[in-house]
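Dear colleague,

I am handing over the structure we spoke about, and below it you will find my notes on what was found. Please read them with the model open beside you.

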Amino acid sequence: MDKRKKIVLLSDDLRLSSGVGTMSKEIVFGTLHKYDWFQVGAAIDHPEDGKLVDLSEQVKKEIRPDVENPYLKILPFSGYGNQDLIRELMKHEQPDAIMIYTDPRFWDWLFHMEHEIRQKIPIFYYNIWDDLPYPMWNEPFYESVDMLMNISKQTYNIVKNVRKEIPVKDWQCTYIPHGIDEEKYYPIDEEHEEYTDMTTWFSQQLNGLQPKYTIFYNNRNIRRKQPSDIILAFRTFCEMIGRDKAKECLLLMHTQPKDPNGTNLPEIAEQLCGGFNVAFSSKKLDYKYLNYLYNMASVTINIASNEGFGLGTAESLMTGTPILVNVTGGLQDQCGFKKEDGSYLTEDDYYTEWGSNHDGRYKDCGEWAFPVFPSNRSLQGSLPTPYIFDDRASFEHVAVKMKEIYDIRDKLKDRGMKGREFVLDEKIGMTAKNMCSRFINDMENAWDNFEPRKKFEIYKV
């Protein structure tokens with residue numbers, strides 16, 4: 001067997017439940033047959049900071065018994081790394097590439113040493129940018145890597161519009177959406193062997209409440225996720241249908257009920273949604289029980305004002321449960337928006353002056369998606385991110401969409417199963433296997449085309 005290439009991955013610790021951590025795990029585990037991996041596993045104040053963890057044997061026994069001599073080591077780190085650490089890893093691990101994955105503002109220190117690194121090996125970036133206008137200050141960052149693999153069609157478009165001085169070549173800018181493992185997330189109907197266990201467990205979690213219409217929220221309690229607006233929208237919806245019917249409806253929020261980066265959701269529910277059914281699920285759940293929650297839901301909601309991809313709604317579709325989403329960022333990729341000829345929008349359709357469907361140019365979409373278009377776009381910013389649109393959906397519009405879904409609740413499972421077919425489609429690329437296959441193809445192309453930097457380069461001033 002040929003010697004496997006080794007990749008140093010800089011991202012959230014793959015043992016964590018964050019979106020970046022979860023996808024890092026899928027990418028690494030799904031490509032262990034092809035590559036050796038060394039991860040600098042980031043976390044805030046990591047409790048295992050500096051303690052090297054070798055997972056090679058555990059992975060062989062429990063996850064990839066098909067792989068001969070897998071190699072996976074994690075160096076827990078309070079942060080994403082530093083220049084001295086990278087130099088040590090290049091010396092001792094001798095990787096064939098460095099791959100980074102999360103917001104570009106965390107990599108300023110790495111971009112400052114990109115020339116040093118790229119004299120020997122390429123830098124790959126699994127990249128995301130949530131919204132327009134085009135972040136022109138990111139241009140030198142995008143120029144500091146050899147390949148940008150983009151999570152959303154919108155991000156693909158952003159990279160091509162931002163990198164003007166040194167335009168990307170075809171192999172340097174690709175589209176790789178997040179992929180969901182269909183063996184972890186799957187439909188459970190009345191004939192399924194897990195159905196009785198699922199319904200019994202669900203009823204126990206709700207102290208016997210048996211709702212006929214459940215809106216499921218699976219996201220962090222932070223401001224951009226708009227959890228308060230969801231509670232307000234649910235109250236408005238309940239008032240639309242009347243209290244008697246509302247007794248059979250539930251808003252289930254799988255999140256931390258109180259968070260300093262968000263708000264006090266139980267207080268909002270009590271004061272602004274009193275008398276209607278709002279329940280919270282705050283304990284960390286493994287895939288089995290999270291799959292149960294998606295299956296018991298009528299619809300999964302995400303109306304975030306900025307969203308790179310939206311992992312929860314993609315997981316929901318894999319279980320055959322429809323989605324109610326704000327049309328922004330990567331969420332629009334999951335809706336299956338169609339052009340005039342009935343074909344799905346592709347990443348190249350976004351490479352225009354247009355750039356995002358948050359303006360509602362295309363409204364025809366898959367039956368599994370119930371989109372709400374932003375009622376306003378506010379330009380927000382900070383010192384590291386001078387400007388970005390905040391795409392806000394009106395809670396009144398969300399409430400109307402909740403009722404629209406409620407009125408056809410007997411048809412939701414059929415619609416949701418069409419959503420599952422959508423994410424399983426190889427052309428769409430939202431399965432874990434397809435995502436990993438695309439990673440392998442794109443990284444191999446990058447190695448084939450990689451041209452090491454010269455030790456010195458002369459620039460005309």
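In this predicted model, ten of the ten residues of helix 7 (residues 153-162) are buried, so helix 7 is largely enclosed by the rest of the structure. The buried residues are Lys153, Gln154, Thr155, Tyr156, Asn157, Ile158, Val159, Lys160, Asn161 and Val162, and the elements that cover them include strand 6 (123-127), helix 6 (139-143), strand 7 (147-150) and strand 8 (173-175).

Three of those covering elements, strand 6, strand 7 and strand 8, also belong to an open sheet of eight strands, which has the order 3-4-2-1-5-6-7-8 and mixed pairing. Strand 3 (53-54) and strand 8 stand at the edges of this sheet with a single partner strand each, so that one side of each has no neighbour in the sheet.

Helix 3 (residues 83-92) lies across strand 1, strand 2, strand 4 (72-78) and strand 5, and runs at about 160° to strand 2. Helix 16 (residues 432-449) lies across strand 1, strand 2, strand 5, strand 6, strand 7 and strand 8, and runs at about 165° to strand 7.

Turning to a helix pair, the axes of helix 9 (residues 227-241) and helix 14 (residues 395-407) come within 8 Å and cross at roughly 55°, and the two helices are therefore oblique to each other. Their crossing is right-handed, and the residues that make the contact include Ile230, Leu232, Phe234 and Phe237 of helix 9 together with Phe395, Val398, Met402 and Tyr406 of helix 14. Sorted by class, this contact has 13 nonpolar, one polar and two charged residues. Leu232, which is found in helix 9, touches Leu272 and Phe395 when residues up to four places away in sequence are not counted; although Leu232 and Phe395 are 163 residues apart in sequence, their C-alpha atoms are 6.6 Å apart in space.

Finally, a few points of backbone geometry deserve a careful look, given that most residues other than glycine have a negative phi and most peptide bonds are trans. The peptide bond from Leu132 to Pro133 is cis, with omega near -5°, and Pro133 has its place in the loop between strand 6 and helix 6. Gln94, in the loop between helix 3 and strand 5, has a positive phi near 50° and is exposed, with a relative accessible area of 60%. Asn207, in the loop between helix 8 (195-205) and strand 9 (213-218), has a positive phi near 55° and is likewise exposed, with a relative accessible area of 76%.

With best wishes

How values were computed. Residues numbered from 1 in each chain as written. Predicted model: local features only at pLDDT ≥ 70, side-chain atom pairs only at ≥ 80, totals over all residues. Heavy atoms only, no water. Axes fitted to C-alpha atoms, helices over the stretch in contact; angles between N-to-C directions. Helix = DSSP H or I, 4+ residues; strand = E, 2+ residues; numbered from the N terminus. Parallel < 35°, antiparallel > 145°, perpendicular 65-115°, else oblique. Left-handed = near helix turned anticlockwise from the far one by under 90°. Contact = heavy atoms within 4.5 Å. Nonpolar A, V, L, I, M, F, W, Y, C, P; charged D, E, K, R; others polar. Buried < 20%, exposed > 50% of the residue type's maximum accessible area, 1.4 Å probe, protein only. Pairing = 2+ DSSP bridges.
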